[in-house]
Amino acid sequence: MNNTTLNRRTLLKTGVALGGGIFAAGMPLSQAIWAAEGKVLKVRYASDIAKLDPAFYSGPVDVNVANCIYSKLTCYKPGSEWGWELEAAEKIEQVDPTHIRFRLKKGIKFTGGYGELTARDVKFSFERVIKHNSPVKPDWGSFDRVEIEDDYTGVIVLKSPFVPLWYTALPFGVGTIVSEDAVMKATKDGGDFGMKPPAFSGPYVLADWKPKQYVLLTRNPDWSGPKPGFDEIRIVPISDEKSAERAYQAGDIDFTRVSLDSLATFENNPPAETKIEDHTSLYYAWIGMNMDHPKLKDINVRKAIQWAINVPQILEAAYAGQAEVSTGVIPPGIVGHRDKALVPPEGDLAKAKAFLEKAGVTGLTLTIDCTNDSTNSTIAQTVQAQLSQIGVTVEVNAQDSGSFWTLGMESEGARWKDVQLIVNGFYSLPDPYYPASWFVQSQVGVWNWERFRSERFDELSGKAVTISDPNERAKLYYEMQDLMEDSGAYRFLTHGANPVMFRTSKMQAATTPDGNPLYLNFKPASA
């Protein structure tokens, strides 16, 4: 690393003098600005940032960085149970089922001389998600507009009640507030500004980004709110978990996810001054079946496959026995999580064979598509072995993620017609609307690769987002998952697990219940 007389304090002052231009225009800075003094948070994430316009975020890592450099009305609370708390909002309340009034805290400033964050910026930020047809606009559900009452007060107006907004929109990506003036100047039409944020309003600014090497966040000199615990945050993208574990042991990072096959070893013999926490993930994995494929049209064939799959055996092989069996698409701790699935985890080979006999099918050959990582390839191979026990021959088709994630999309060609079995998995947000939303009929040929169609499912999906009583709401999601399983097109596997470890001599870590880091809530060990 090169030496330089340019220290962090000088750099920040320069940024102020240039109207925030160094930071906001995304100009690359030398690695030499990395702090030689002060407290530095060094964390690993499995992927690099891909989009710093929060209205068009591509994944959790984008949102994690956005949380540090922008402001939202509310944010997730750290801890073992899902909850939210105020951030840029001084007050927020549900006035009636379709109106939410907020009042902003005064004095939150945008960098670059773009002034104070106002209700006008909130209106612009929320409405541009819909206006520019963002791929993540479903997070907003029935959102219509924001009505401005004064500089600090506004009302979020919904076309119809949308209960999930409190956990899918406001505290996550699309609820992030950007400067209208800055974005309009940078984009002309208020659209996607990609990787070049024109202004910041959070406790940190983006000081440097070296693709596939690191993201460097430093303190925002214009920030007047509670002071975060660290002078710098360095996020290092390391896709391979074993490599991340070695980087942790070498002291290059101080917070990382632990691979499941390493978990027992680390728990029995943890690195010095290290705490390991186990978290249930919001991820959900399943074996899907294309109901429109000629070989899988008969529900008895699909039921035979469901009952032949032994889920605990799969989890032992693919997850080192460290993940729990799931009961549907909704994980524990979320409204609508079922106590048990309709088909028992171990299945039943005798019942599977009986369903196959009922279908009058013999000598069945199928393909199973999966990504070529070790976990999903192992799942596919285990299913291959299990189905051979009922006389079904399965060919495993492992492919890179770029190829796999267009498999069932009609917009990408005719490959969807050849899809038979799929090892599938999505990540979720902490509201049942999110994991269930991909299986409505309008998603057939988009993300609904099983081509599952149910008028009742769609009806329940539309109704469930309007019900505020969690117990009544849960009943609808129970039935929706029953409908999915009854179709024979789904064999639910697991929500996985998300164990993390961190160096207690460096920090007190803070995460959401699923183990996702909340960097603003991390505190130095000496704090």
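User: Where is D292 found?
Analyst: D292 lies in the loop between β15 (284-289) and α9 (299-308). Both names come from DSSP runs, numbered from the N terminus (helices: H or I, at least four residues; strands: E, at least two). The model is predicted, so local features need pLDDT of at least 70 and side-chain atom pairs count only at pLDDT 80 or more, while totals for chains, interfaces and linings use all residues. Residues are numbered from 1 along each chain as its sequence is written, and side-chain values use heavy atoms, with hydrogens and water left out.

User: Is D292 buried, exposed or partly exposed, and what makes it so?
Analyst: The relative accessibility of D292 is 25%. Buried means under 20% relative accessible area, exposed means over 50%, and partly exposed is in between (1.4 Å probe, protein chains only). D292 therefore counts as partly exposed.

User: Which residues does D292 touch, not counting those up to four places away in sequence?
Analyst: D292 touches K297, R451 and R453. Contact means heavy atoms within 4.5 Å. R451 is 159 residues apart from D292 along the chain, yet their C-alpha atoms are separated by 6.7 Å.

User: In what order do the strands of the 5-strand sheet stand?
Analyst: The order is β17-β16-β18-β15-β19, in an open sheet with mixed pairing. Two strands pair if DSSP finds at least two bridges between them.

User: Why do β17 and β19 stand at the edges?
Analyst: β17 (393-399) and β19 (490-494) each have a single partner strand, so one side of each is left without a neighbour in the sheet. From one strand to the next, the twist averages 25 degrees.

User: How do you know that β16 and β18 pair, and in which sense?
Analyst: Count the bridges. β16 (residues 365-371) and β18 (residues 421-426) share 2 bridges, in the parallel sense. I368 stands opposite L421 in β18.

User: What is the strand order in the 4-strand sheet, and how do its strands pair?
Analyst: This open sheet runs β5-β6-β8-β7, with antiparallel pairing. The edge strands β5 (89-96) and β7 (143-148) each pair on one side only. The twist averages 20 degrees from one strand to the next.

User: What joins β5 to β6?
Analyst: 6 bridges join β5 to β6 (residues 99-104), and the two run antiparallel. Q94 stands opposite I100 in β6, and D96 stands opposite H99. A hairpin through 2 residues connects the strands.

User: Which helix packs on the sheet?
Analyst: Helix α4 (residues 119-131) packs there, touching β6, β7 and β8 (153-158). The direction of α4 makes about 165 degrees with that of β7. Such angles run from 0 to 180 degrees between N-to-C directions, with axes fitted to C-alpha atoms, for helices over the stretch in contact. In the loop between α4 and β7 sits N133. Phi of N133 is near 50 degrees, a positive value in a residue other than glycine.

User: How many disulfides does a search of the whole structure find?
Analyst: The search finds 0. A disulfide is a pair of cysteine sulfur atoms within 2.5 Å.

User: Do C68 and C75 count as buried or exposed?
Analyst: C68 has 0% relative accessibility and so counts as buried. C75 has 14% and therefore also counts as buried.
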